[in-house]
Amino acid sequence: MTKRSTRTPWMAADEYGRSLRGFGVNLLVRDVAKSSPFHREVLAGEEVYRDEDFAVFRFGTVEWMLHADHTYDAHPLAKLLAAGDARGVGAELRLHGRDPDEAEAAARRRNDVVLQPATDKPHGLREAFILDPDGYLWVPDVPLPA
């Protein structure tokens, strides 16, 4: 792993790793600093920690990580990343409880790609489909009244 940051993290990597439970999401991004505003502004994620290699965001009880591509230079995905293959195609990253109208408005202010505006769906959710700077599809949603 190529680490560029010289900043002391908020928590030791091994301590953080041992603290993780349940389901986790780790997104590989081209540039952590460029990707982070999307996660703060569009998804309303609390930025727990960020340096040029790595970031942690939290929304309610959900936590996710961003890792810069360069930190995966020895990872099995390194060759696919270098080839420029599409990231995340076929996956929806859903953030339950994030108002899709607010997320859409923030995305439009930032000139992010809104694939589908906030829409009431027959499965009981109001949701929007928004691409982040690396092309990951985020779907903020809230339940519709019964």
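The model is predicted, so local features need pLDDT of at least 70, side-chain atom pairs count only at pLDDT 80 or more, and totals for chains, interfaces and linings use all residues. Residues are numbered from 1 along each chain as its sequence is written, and side-chain values use heavy atoms, with hydrogens and water left out.

Start with the sheet. It is open, has 4 strands and runs in the order β5-β8-β7-β6, with mixed pairing. The edges belong to β5 (92-96) and β6 (113-120). Each has a single partner strand, so one side of each is left without a neighbour in the sheet. From one strand to the next, the twist averages 15°. Strands here are DSSP runs of E with at least two residues, helices are runs of H or I with at least four, and both are numbered from the N terminus. Two strands pair if DSSP finds at least two bridges between them.

Now look at β5 and its pairing with β8 (residues 137-143). The two strands run in the parallel sense, over 5 bridges. In this pairing, His-96 stands opposite Asp-141 in β8.

Next comes the helix. Helix α4 (residues 100-110) lies across β6, β7 (125-131) and β8. Its direction is at about 155° to β6. Axes are lines fitted to C-alpha atoms, for helices over the stretch in contact, and angles run from 0 to 180 degrees between N-to-C directions.

Follow the chain out of α4. Asn-111 lies in the loop between α4 and β6. Its phi is positive, about 65°, although Asn-111 is not a glycine. Most residues other than glycine have a negative phi. Asn-111 is exposed, with a relative accessible area of 67%. Exposed means over 50%, buried under 20%, and partly exposed in between (1.4 Å probe, protein chains only).

Ala-44 also has a positive phi, near 60°. This residue sits in the loop between α2 (32-42) and β2 (46-50). Ala-44 counts as partly exposed, at 34% relative accessibility.

Finish at Leu-131, in strand β7. Leu-131 is partly exposed, at 21% relative accessibility. Which residues does Leu-131 contact, leaving aside its neighbours within four places in sequence? They are Phe-38, Asp-112, Val-113, Leu-115, Tyr-136 and Leu-137. Contact means heavy atoms within 4.5 Å. Phe-38 and Leu-131 are 93 residues apart along the chain, and their C-alpha atoms are separated by 9.5 Å.
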